[in-house]
Protein chains: 2
Amino acid sequence: MLKKSVTIKEIAKEAQVSIATVSMILNNKDKNISESTRNKVLKIAKEKNYIPNTMARSLITKQTGIIGLVIPDITNPFFPEIARGVEDKASEERYSIIICNTDDNLQKEDQYIQILTEKMVDGIVITHSADRYQEDSIRILDGCRVPIVLIDRDYSIPNVIGKVLVDNFKASYEAVNYLLNKGYRKIAYITGSLNTKTARDRLEGYKEALLTRGISYDERYIKVGEYKIQWGIDATKKLVSEDVFFDAIFCGNDLIAIGSMKALKKFRLKVPQDIGIMGFDDIYMASVIEPALTTMKQPNYEMGYYAAELLIEGIKKESLSINEKNTKKIILDSKLIVRESS
Amino acid sequence: MLKKSVTIKEIAKEAQVSIATVSMILNNKDKNISESTRNKVLKIAKEKNYIPNTMARSLITKQTGIIGLVIPDITNPFFPEIARGVEDKASEERYSIIICNTDDNLQKEDQYIQILTEKMVDGIVITHSADRYQEDSIRILDGCRVPIVLIDRDYSIPNVIGKVLVDNFKASYEAVNYLLNKGYRKIAYITGSLNTKTARDRLEGYKEALLTRGISYDERYIKVGEYKIQWGIDATKKLVSEDVFFDAIFCGNDLIAIGSMKALKKFRLKVPQDIGIMGFDDIYMASVIEPALTTMKQPNYEMGYYAAELLIEGIKKESLSINEKNTKKIILDSKLIVRESS
């Protein structure tokens with residue numbers, strides 16, 4: 001076998017000491033052992049590439065030092081920073097991350113939770129599948145025995161010890177308020193699916209900001225589709241072709257905003273002079289495109305980092321009793337990033 | 001403890017059968033056991049959320065079903081697709097992925113290899129730190145006892161059973177040849193650091209394509225810096241301010257190309273009419289910016305997928321003898337994506 005490393009027995013033989021002595025030295029319980037023996041054993045262990053058998057230790061401690069990270073898709077520009085935040089905090093605490101992509105598919109989510117549980121992970125950080133909001137059936141995640149921390153999407157699942165969310169109502173309110181302060185009055189809203197609480201909270205924030213200024217909510221200004229560039233293009237074409245006057249568009253994410261700006265260019269409408277555009281997320285592209293996109297920055301890296309922190313805190317508390325009441329909740333703010341598009 | 005699940009003993013008690021019977025049923029060695037007993041035991045195991053103790057099994061089989069994936073940085077747009085490819089193939093084969101970000105730092109790489117080895121991963125897929133090309137010291141990776149598959153960056157490390165690389169010479173040759181076919185003759189080349197073989201191979205491909213047309217290589221056309229947008233801006237400003245006539249720029253990656261186009265716009269030089277631009281990678285942004293970027297698409301997802309395939313093949317061959325001679329090498333081609341910038 002490739003990964004055979006030297007055993008304690010072999011080290012003992014070469015150092016001409018007992019197995020117990022080697023074991024004590026390698027486990028830092030060697031205060032009664034002479035310095036020279038200690039050095040000899042450690043030297044051999046190092047030369048022969050001794051690897052402490054974490055698996056054997058795990059069987060006794062019931063801890064593997066591994067955390068599962070379950071997300072929809074690492075190739076969606078929203079998730080790499082979350083993953084990086086989780087990994088950075090975990091690695092500070094000597095935990096490793098097993099990463100799983102569910103494609104927002106509940107069957108895949110189930111399979112992964114099953115595998116993670118079999119691999120005896122110490123806990124799970126998850127942005128669960130958006131389909132949960134539509135389907136009622138009980139999933140493996142619901143019976144999961146390890147502590148769970150939710151990121152970005154809020155849902156009632158047993159064993160949740162922490163949630164790291166963004167105040168989407170507030171973020172959306174601030175975004176629309178910024179547009180109003182800039183003098184825009186007829187603000188359309190192009191969003192992705194309203195199945196998630198995230199999306200519904202943002203719609204409420206939009207309504208509230210208008211209401212505060214005495215502007216009544218008009219459904220004709222709302223276009224509901226997908227969080228994709230193409231939807232930004234299609235929805236903007238619809239808005240232009242329908243007989244609705246608008247002077248700004250608030251977009252559910254930056255991809256929609258990019259699509260929207262592409263479509264406006266075709267109609268020779270200038271951003272921000274004719275139409276103001278506001279995005280959401282602040283993905284890398286937002287600062288690169290022209291005009292650069294004004295947007296609400298999501299604290300993705302921080303969400304990942306805090307989620308790992310909450311989870312590891314929870315794992316370390318041995319006698320943890322879990323219920324909704326003592327679930328820790330961290331609500332992060334989005335940040336307005338003013339660029340050129342509005 | 002949170003993750004305590006039902007034990008075989010508890011199932012046996014509830015089903016009123018022996019522990020041996022439960023064990024045989026749960027391990028699929030139950031051909032002499034009656035159907036009704038079998039169903040009763042499985043029903044209880046399911047209801048009580050029985051989890052097979054993979055750790056205990058791992059101690060015997062010496063296999064954990066976990067693969068390490070070591071990359072510089074998941075937030076660099078180059079890596080999420082590689083990671084996704086690795087994960088998709090691994091999950092098809094019921095392997096899980098531990099992900100590690102080294103930031104191209106050899107000390108971090110060492111730490112992660114150590115942790116992965118302690119966690120007894122079955123193998124490692126790695127895009128090793130670029131600093132390896134500059135530093136001679138022996139690293140933990142060199143003494144690593146598990147099979148390794150290299151992605152994208154080629155280097156001589158023991159225990160490498162596979163390499164998945166791109167033919168960078170050929171890709172670069174084809175890119176420059178495309179520009180020549182379009183009528184461009186004075187082609188500048190803005191690249192990142194030439195420390196990696198990848199970058200040097202591309203420079204050679206550039207030279208060779210020019211040579212084939214009888215165009216002599218001129219060092220003044222080569223700008224060496226970083227793979228970043230800002231370097232694309234700075235290098236293009238240099239090219240314009242220096243007294244060197246050029247009609248196209250081949251860029252070492254798409255970020256450089258995006259920066260270059262930004263700078264040209266400031267000089268009121270039109271792409272592709274005045275200056276043709278060619279990128280490398282085909283990141284998501286390449287199709288979104290205007291003009292859309294002509295580029296060489298790297299087969300990132302495929303690289304990850306094949307790397308996981310090679311590694312798992314290797315892990316499954318128990319009596320593997322590893323030496324450079326039987327290292328499997330997969331060389332993938334890049335693909336010319338023609339858009340608007342040249």
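The following dialogue explains how several terms apply to this predicted model.

Modeller: In this predicted model, local features need pLDDT of at least 70 and side-chain atom pairs count only at pLDDT 80 or more, while totals for chains, interfaces and linings use all residues. Residues are numbered from 1 along each chain as its sequence is written, chains are lettered from A and ligands numbered from 1 in the order in which they are written, and side-chain values use heavy atoms, leaving out hydrogens and water.

Biologist: Why is Asp154(B) called buried?

Modeller: Buried means under 20% relative accessible area, exposed over 50%, and partly exposed in between, with a 1.4 Å probe and protein chains only. Asp154(B) has 18% relative accessibility, so Asp154(B) counts as buried. Asp154(B) is found in the loop between S4 and S5 of chain B; helices (H or I, at least four residues) and strands (E, at least two) are DSSP runs, numbered from the N terminus.

Biologist: What makes the pairing of Asp154(B) with Lys163(B) a polar contact?

Modeller: A polar contact is a pair of N or O atoms within 3.5 Å; within protein, one must be able to donate a hydrogen and the other to accept it, and residues adjacent in sequence count only if both atoms are side-chain atoms. The side chains of Asp154(B) and Lys163(B) make such a contact at 2.8 Å. Contact in general means heavy atoms within 4.5 Å, and the residues that Asp154(B) touches include His128(B), Tyr133(B) and Lys329(B).

Biologist: Why is the pair of Phe250(B) and Phe280(B) called tilted?

Modeller: Rings of Phe, Tyr and Trp (its six-membered ring) pair if their centres lie within 6.5 Å; planes under 30 degrees apart count as stacked, over 60 as edge-to-face and the rest as tilted. The structure holds 14 aromatic pairs over all chains. In the pair of Phe250(B) and Phe280(B), the centres are 6.3 Å apart and the planes at 45 degrees, so the pair is tilted. Phe250(B) lies in strand S8 and Phe280(B) in strand S9 of chain B, so the pair ties together parts that are 30 residues apart in sequence.

Biologist: What lies over the face of Phe280(B)?

Modeller: A charge sits over a ring if NZ of Lys or CZ of Arg is within 6 Å of the ring centre and within 35 degrees of the ring normal. Arg202(B) lies over the face of Phe280(B), at 3.6 Å from the ring centre. Likewise, Lys207(B) lies over the face of Tyr217(B), at 4.5 Å.

Key:
Lists of a residue's contacts leave out its neighbours within four places in sequence.
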